[in-house]
Amino acid sequence: MDKNCISCGSCGMPLEKTEDFALGDTSSVYCKYCTDEQGQLLSFDTILTGTTKFYVESQGVNEEAARKMAKALLLDMPAWRVKS
Amino acid sequence: MKKFTRKTQKLETRNKLVAAAIKLFSRNGIVSTSTESIAKAAGVSHGTLFLHFRTRDDLVFAVITRFGEHLCKAFKEHTEKNIKNLKGVLKAHLTVVEEFEDFYAHLVMELALLAPKIKSYFFIVQATVSHRMFIHAEHEMKLGKIRKIKRPLLFNTWISLLHYYLINREIFSPNQSVMSEKSKELLEHFLHLVKP
């Protein structure tokens with residue numbers, strides 16, 4: 001595996017270990033938290049909820065503020081960005 | 001011999017722009033650095049910069065992503081050592097904060113002025129640090145080596161300490177990196193605080 005980390009194309013989380021990638025496949029551009037057991041990207045709302053939870057549990061931030069931050073990030077990630 | 005394809009050339013220009021941005025953001029701050037000066041420092045035209053980054057915010061985002069990925073790499077190297085302790089995680093964190101010290105200090109001070117997606121990504125990176133810290137701390141809590149502390153407070157206490165010294169680095173360490181001078185002391189102090 002490459003010594004450098006890459007970030008998930010859906011939630012932006014840097015992927016540290018092989019098992020952090022979708023299906024444990026390091027060629028995947030998404031993380032295991034953003035994909036289902038077939039490696040398919042989960043719905044935007046599911047990922048939004050998961051990312052919000054990640055902010056709240058890790059840093060104790062307000063849930064509404066966390067959701068706002070998660071939305072600002074996700075909407076600009078390659079998986080969710082509206083192509084202009 | 002290196003094969004110079006259009007793709008590698010594109011990647012090299014992008015890397016040059018990110019490296020120039022890190023240098024100038026570290027020296028002059030993020031908000032007050034112009035895209036013109038970054039392009040000039042990278043040796044490309046102003047227009048070329050926007051072929052690689054749609055907006056200025058995208059370039060700032062690329063720089064902070066670089067920080068997040070270096071941090072991830074440091075944690076990966078720590079994981080490979082297979083030592084389950086909080087001290088190792090904190091040391092890895094300190095190494096990368098020191099590497100990016102000037103940029104990171106500006107980032108913390110200017111965060112409120114930056115685009116929401118940059119702020120959001122910064123807190124995702126912080127979430128990964130908190131996550132990593134707690135995995136190791138929880139193990140040591142079970143062994144009675146560390147007091148039981150809630151995950152957000154464990155992380156927030158650590159990061160508050162670092163940020164205070166970083167924001168005020170000019171008075172703590174006027175002539176050198178505050179992290180290189182104080183990190184050992186801060187680490188020992190924090191580990192003492194969390195002892196049972």
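A nonpolar core is a set of buried Ala, Val, Leu, Ile, Met, Phe, Trp, Tyr and Cys residues joined through side-chain atoms within 4.5 Å. Keep that in mind as you explore this predicted model.

**Stop 1: the core**

Select B:Ile38, B:Leu86, B:Leu107, B:Met133 and B:Phe190. These are the residues with the most contacts inside the largest nonpolar core, which has 87 residues. Now colour helix α7 of chain B, residues 116–142: this helix supplies 11 residues, the largest share of the core. Next, colour domain 1 (1–54) and domain 2 (57–194) of chain B, since each of them contributes at least three residues to this core.

Zoom in on B:Leu107. Which residues does B:Leu107 touch, leaving out those up to four places away in sequence? Show B:Ile30, B:Ile64, B:Leu114, B:Ile118 and B:Phe122, and you have its partners.

**Stop 2: the largest pocket**

Select A:Ser7, B:Arg14, B:Ala62, B:Thr65 and B:Glu69. Of the 34 residues lining the largest pocket, these lie nearest its centre. The space in this pocket comes to about 1000 Å³. To see the elements that give two or more residues to its lining, show β1 (6–7) of chain A, along with α1 (6–28), α4 (56–80) and α7 of chain B. Helix α4(B) gives the most, with eight residues.

**Stop 3**

About 540 Å³ of space lies in the second largest pocket. Select A:Met13, A:Tyr33, A:Phe54, B:Thr128 and B:His131, which are the closest to its centre among its 27 lining residues. Then show α1 (44–59) of chain A with α4 and α7 of chain B, the elements that each give two or more residues to this lining. Here α1(A) gives the most, with seven residues. Colouring by class, you will see 12 nonpolar, six polar and nine charged residues.

**Stop 4: an arginine in chain B**

Finally, select B:Arg169, which is found in helix α9 (residues 169–172) of chain B. Is B:Arg169 buried or exposed? Its relative accessible area is 11%, and buried means under 20%, so B:Arg169 is buried. To view what B:Arg169 touches beyond four places away in sequence, show B:Glu101, B:Asp102, B:Ala105, B:His106, B:Met109, B:Pro174 and B:Val178.

Conventions:
Residues are numbered from 1 along each chain as its sequence is written. Chains are lettered from A and ligands numbered from 1 in the order in which they are written. This is a predicted model: local features need pLDDT of at least 70, side-chain atom pairs count only at pLDDT 80 or more; totals for chains, interfaces and linings use all residues. Side-chain values use heavy atoms; hydrogens and water are left out. Buried means under 20% relative accessible area, exposed over 50%, partly exposed in between (1.4 Å probe, protein chains only). Helices (H or I, at least four residues) and strands (E, at least two) are DSSP runs, numbered from the N terminus. Domain bounds come from an automatic or database domain assignment. Contact means heavy atoms within 4.5 Å. On a 1 Å grid over the protein atoms alone, a cavity is a set of points where a 1.4 Å probe fits but cannot get out, and a pocket is an open set with protein on both sides within 12 Å along at least five of seven lines; lining residues have an atom within 4 Å of a point. Grid points are joined across faces, edges and corners, and a volume is the space filled by probe spheres set on the points. Ala, Val, Leu, Ile, Met, Phe, Trp, Tyr, Cys and Pro count as nonpolar, Asp, Glu, Lys and Arg as charged, and the others, Gly among them, as polar.
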